[in-house]
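Visitor: Before we talk through the terms, could the model be shown?

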Amino acid sequence: MVDRGERGGGDQSRQRAGPTFTRRRALELAGAAVATGTVGTAASQTPVAARITETGDEYTLSGIDGSYRSSDLASAIDFALGRLSPGRSSRERIVVDASGRVSERITLPSNVALEFNGTITADGVIPLYADRAESITIRGYDLEGSPAMGMRIRRADDVVIDDVTMDVDSGIGIRIDDGYNDGTPETTTNVEIGTVEVAGTGSHGVETYGVEGIDVGTVRTTDTGGCGLLLNNTADATIERVDATRADEGGGYAGFRCANDAGPNVTVERVDAVACGRGVFTVSGSEGITIEEVHLEDNGGNLIQDSRDVTIGGGAIVGTGGSGVRIDSRSSEDHPHTRNVTVENVEIRESGAWGVRETGPGTESNAIRNNAFCDNASGAVDVYADSTTVSGNSYECSDDPDGGTCEPTPIDPYLRVDGGEWQNAGEATVDAGAQVEFGPQPTEGGSWSWSGPRLSASSREVTVSPDETATYTATYTNDCGETSTYEFAVTVERDSGRRWPEGATDPDDDGLYEDINGNGEVDYSDVVDYFENMEELQDQVEYFDYNGNGEIDYADLVDLFQQV
């Protein structure tokens, strides 16, 4: 699970002000909050959250040491990083609610969660960089331009990367390594990658070197100059999916590649590769690699070379330029020769040479079994070693010429309000408490899942009764495993009479609006906003009287402060 950072401070339940917490003390604390962006001594006990926003050509940082303004986004982020709590032992979160150009490297320290809600543009630099750091989260990173690399993490531990999109025209997307190229390698450990989408890099989409312990969700790449995902000298890796299109098209790199003693304990649930230099390629002493399912189409080749204990366990290989799978050893003594390679339960068709071809020298003890071969130019199987077994194969293929690959199914949105007519729409404006039913299509096949406020379901049709404006996400997985999503937006109108603040929310659904600034959490900025606008709240007692005494007063300010 991706760590998005937590706001500390212990018990968040409502507390009452004690007799020594006087009106004067509340004024002192609120005044300090206005001046510094913190409240009292509790700031030293709670991880600091900073937020960077954009107004015109200027970036404003709030939440740490008051406010900071800069015309340069990198400077604003660096300023925030430099003012996180000294000696902290857990992640503190910085949210970048802004877009802009980054013209110099941003170096991440330990124990930081950096979240983006905008687009970063970079040319000729590595915008995000970390070396010998631990407990780092990077989330929502959207990059464009011509960077040297999109990000680089070296000699690190406990790294989380999720929801990353890069549409660039140079460099490497993400590199995570051990500092091998400067002569002081230290293994990077405990890496989690959620979803990464990379397009247009001059080299690899995602590359690792010297990593132990990495869990990857989905790496999806398009038009990269190198591999989609490349694991060098990387062990104990679990990967859900690699989906590469035109990775080094016409060249020698692959949609998914393992090299330089990668392994052992590398497991990939599925590799999709279309029009890549190679679909799958393991080489240079790689070992202990299992690819459970492949869907490889129109690639130049698929090669298992100088590798041991490699399995391709199912799927389809269609239209490979050379042999569907070649199992090979080079004559060089630099790496052990290939053995214990298994290709099984794969439909291999329309290859430019053999379905599976084994070549030497030294290649041995492989298994080619239970596959379906048809329409391969040179034949089904060509074996080099006497110790290799060929068994259980058939020579009839299915009627599906593309080998079972498919595209995500578009979701057609439908909803209705309070039992009314179904509407072919994805947005609705309702009164608080209204029933909203979602009934997206298609109506048959596949499976559904939902996420949103107080919603988790696996049915196609769901009903919600929102009290606040919210977004609900439907995810549809079709019969061949492709997923698509749609976000339903429900705007809740309230006839509350509240004039200020329009964006306030009620995070705990108790009828009181503690989240004054509307950012989804109760924090020190809410205390500041409350203090500065108490007069405007006097005729809205029912929404902002936290201590229940029927008045808007400094005791309410204290009560709000104690909820942070």
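**Cores and sheet**

Guide: The largest nonpolar core has 85 residues, of which Ile94, Tyr141 and Phe256 touch the most other members. Helix H2 (residues 73-82) provides the largest share of this core, seven residues. This is a predicted model, in which local features need pLDDT of at least 70 and side-chain atom pairs count only at pLDDT 80 or more, whereas totals for chains, interfaces and linings use all residues. Residues are numbered from 1 along each chain as its sequence is written, and side-chain values use heavy atoms, with hydrogens and water left out.

Visitor: With what is tyrosine 141 in contact, leaving aside its neighbours within four places in sequence?

Guide: Contact means heavy atoms within 4.5 Å, and the partners of tyrosine 141, with those neighbours left aside, include Phe116, Leu128, Met151 and Val164. Another core, of 19 residues, lies apart from the largest one, and Ile411, Leu415, Val436 and Tyr476 are among its members.

Visitor: What makes S36 and S39 edge strands?

Guide: Five strands form an open sheet of mixed pairing in the order S36-S42-S41-S38-S39, and strand S36 (427-431) and strand S39 (455-457) each pair on one side only. Strands are DSSP runs (E, at least two residues), and two of them pair if DSSP finds at least two bridges between them. Five bridges join strand S38 to strand S41, which run antiparallel, and tryptophan 448 stands opposite tyrosine 476 in S41.

Technical notes:
Helix = DSSP H or I, 4+ residues; strand = E, 2+ residues; numbered from the N terminus. Core = buried A, V, L, I, M, F, W, Y, C linked by side-chain atoms within 4.5 Å. Buried < 20%, exposed > 50% of the residue type's maximum accessible area, 1.4 Å probe, protein only.
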